There are 2 protein chains.
Amino acid sequence: MSGSRASVRKHGFTQVTEVSPDGPGRFAGEISSEWTFGGRANGGYLLAMLGRAAAATSAHSHVITASAQYLRSPGPGAVAIVAEVLRAGRTASQVRARMIQDGQPCVEALLTVAELGKASAPYWEAGAPAPGQVDYEDCVRLAPRAPAGASVSLMNQIDVRLEPDSAGFLTRQPSGRGQLRGWLGLSGVEAFDANSLLFAVDTFPPATFDIEWAGWVPTLELTAYIRALPAPGPVRVLQRAHVIDAQRVDEACFVWDRTGRLVAQATQLAGIRLG
Amino acid sequence: MSGSRASVRKHGFTQVTEVSPDGPGRFAGEISSEWTFGGRANGGYLLAMLGRAAAATSAHSHVITASAQYLRSPGPGAVAIVAEVLRAGRTASQVRARMIQDGQPCVEALLTVAELGKASAPYWEAGAPAPGQVDYEDCVRLAPRAPAGASVSLMNQIDVRLEPDSAGFLTRQPSGRGQLRGWLGLSGVEAFDANSLLFAVDTFPPATFDIEWAGWVPTLELTAYIRALPAPGPVRVLQRAHVIDAQRVDEACFVWDRTGRLVAQATQLAGIRLG
């Protein structure tokens with residue numbers, strides 16, 4: 001067995017988002033330090049843990065919408081999740097889920113859980129942006145290097161690759177379009193599923209890096225829609241900014257599987273030290 | 001005093017979204033039958049009521065993000081709203097708010113309340129779609145007529161005008177682009193404010209009308225971002241669909257004030273009888 005397979009077993013995304021029942025509507029989980037960036041879990045990782053708890057609480061299988069408010073950034077280690085079904089419908093359940101660490105609420109989210117079918121062609125998709133055209137192998141891999149001595153162990157778990165057009169910020173030559181296109185893979189042999197797509201929508205660098213360097217861009221609100229089960233393999237990602245204003249920026253994210261099927265979308269409002 | 005001014009006093013949006021304190025973290029409100037369509041309040045009206053309660057509960061003034069799960073559609077009449085501050089920060093408060101009618105939860109939302117400044121030019125907005133170019137007077141007003149005998153009193157309170165390019169569905173000639181552009185005004189002399197923009201993002205017909213007729217398109221999840229205080233007067237709206245799939249469609253909405261300033265954005269996932 002290869003080292004990467006063993007690592008997937010231990011630190012794979014499915015493992016590090018696991019939640020165990022711990023009383024009615026209550027779950028225990030553990031944030032892995034192997035999936036942090038600068039010592040912190042990203043919003044998508046936390047949302048995926050809430051998604052696991054929401055699906056376990058409801059009669060349905062797949063989170064199709066999730067909206068989160070980030071209250072406090074939890075550190076690696078044990079967390080509790082409280083999930084409550086607000087309405088159990090025939091085709092979907094609506095769930096509230098909250099993550100707590102050391103007695104402090106960290107994230108609260110509202111989720112819709114339903115059933116996603118096998119990916120087939122969408123009925124109509126002319127309104128979506130086109131996926132990128134550059135092959136995985138021809139994209140620039142973001143190095144798993146700390147920008148200023150910070151621990152970026154997350155970057156050993158994922159493979160973020162940017163189309164050369166989107167990689168200008170790496171050499172301080174952002175294009176000014178506010179768009180990053182590329183690919184995202186999970187290290188080792190792990191494939192994406194409906195739950196890890198909640199993570200995928202929050203893994204790319206801020207689209208504002210393609211406009212102007214502004215340091216950390218903390219998410220205020222994140223909403224994700226999961227549209228279909230992805231085919232195995234890395235996914236294509238487009239992260240784009242619309243408007244920077246009053247120290248806030250909104251970003252949209254589109255995720256396609258390798259067959260070109262749109263499988264996830266998200267929007268977020270984030271703080272920024274510009275505008 | 002003109003009739004329209006009197007009507008604004010009685011049935012203006014500010015009046016019909018009013019909430020009164022009714023115990024700690026609890027508010028009483030009343031859904032006006034004058035603002036319903038087919039006997040039901042739209043999701044944006046309900047969100048604006050939750051927004052009033054969220055702002056009243058927090059130390060900040062304006063809702064800047066709101067994400068809602070619609071559980072049951074309340075009818076006209078009394079509602080209770082329970083609002084709780086999840087985190088009170090220096091620059092923003094994060095609030096959960098829930099609307100209840102006859103003991104049944106109807107809507108639950110997570111909101112960020114902060115301060116919006118006077119509208120100035122955005123720092124960067126090249127990522128947003130361009131606002132429409134057709135003047136208000138040259139757009140086609142949606143008639144306040146019931147499609148099949150249903151009461152559409154809402155249409156007497158608002159003025160929805162479509163650019164001629166977007167009005168094809170009225171004569172069964174949708175363009176196929178999945179985009180509706182036009183204007184939205186409040187009847188009488190009332191101007192939009194940060195709170196009524198939560199309503200504005202949910203007033204246009206479904207963008208899918210510009211693709212194919214599919215009847216009612218019920219909102220599953222709605223997320224709105226309010227970006228700036230609007231200038232007085234009607235607002236420009238762009239409602240567009242991205243992907244129709246597995247009986248669900250995602251729509252994005254952009255709202256500009258009459259000076260061309262982007263003031264609000266929203267996304268929603270809705271059910272549809274196509275795909």
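Start by selecting A:Arg96 and B:Glu108: their side chains make a polar contact at 2.5 Å (a pair of N or O atoms within 3.5 Å; within protein, one must be able to donate a hydrogen and the other to accept it, and residues adjacent in sequence count only if both atoms are side-chain atoms). You are looking at a predicted model, where local features need pLDDT of at least 70 and side-chain atom pairs count only at pLDDT 80 or more, while totals for chains, interfaces and linings use all residues. Residues are numbered from 1 along each chain as written, chains are lettered from A in the order in which they are written, and side-chain values use heavy atoms, leaving out hydrogens and water.

Stay with A:Arg96 and colour its strand, β7 (residues 93–101) of chain A (strands are DSSP runs of E, at least two residues, numbered from the N terminus). A:Arg96 is buried, with a relative accessible area of 8% (buried means under 20%, using a 1.4 Å probe and protein chains only). Leaving aside neighbours within four places in sequence, its contacts (heavy atoms within 4.5 Å) include A:Glu84, A:Glu108, B:Arg96 and B:Arg98.

Next, select A:Arg227 and B:Asp250, a salt bridge whose closest N and O atoms are 2.7 Å apart (a side-chain nitrogen of Lys or Arg within 4 Å of a carboxyl oxygen of Asp or Glu). Across the interface of chain B and chain A, the rule finds six salt bridges.

Now show the whole interface: 55 residues from chain B meet 55 from chain A. The buried area is about 4700 Å², with 53% from carbon and sulfur atoms (accessible area, 1.4 Å probe, that two parts lose on being put together, summed over both). Finish on B:Tyr123, B:Trp124 and B:Arg227, which supply 17% of the area that chain B buries against chain A, more than any other three residues.

Conventions:
Helices (H or I, at least four residues) and strands (E, at least two) are DSSP runs, numbered from the N terminus. Buried means under 20% relative accessible area, exposed over 50%, partly exposed in between (1.4 Å probe, protein chains only).
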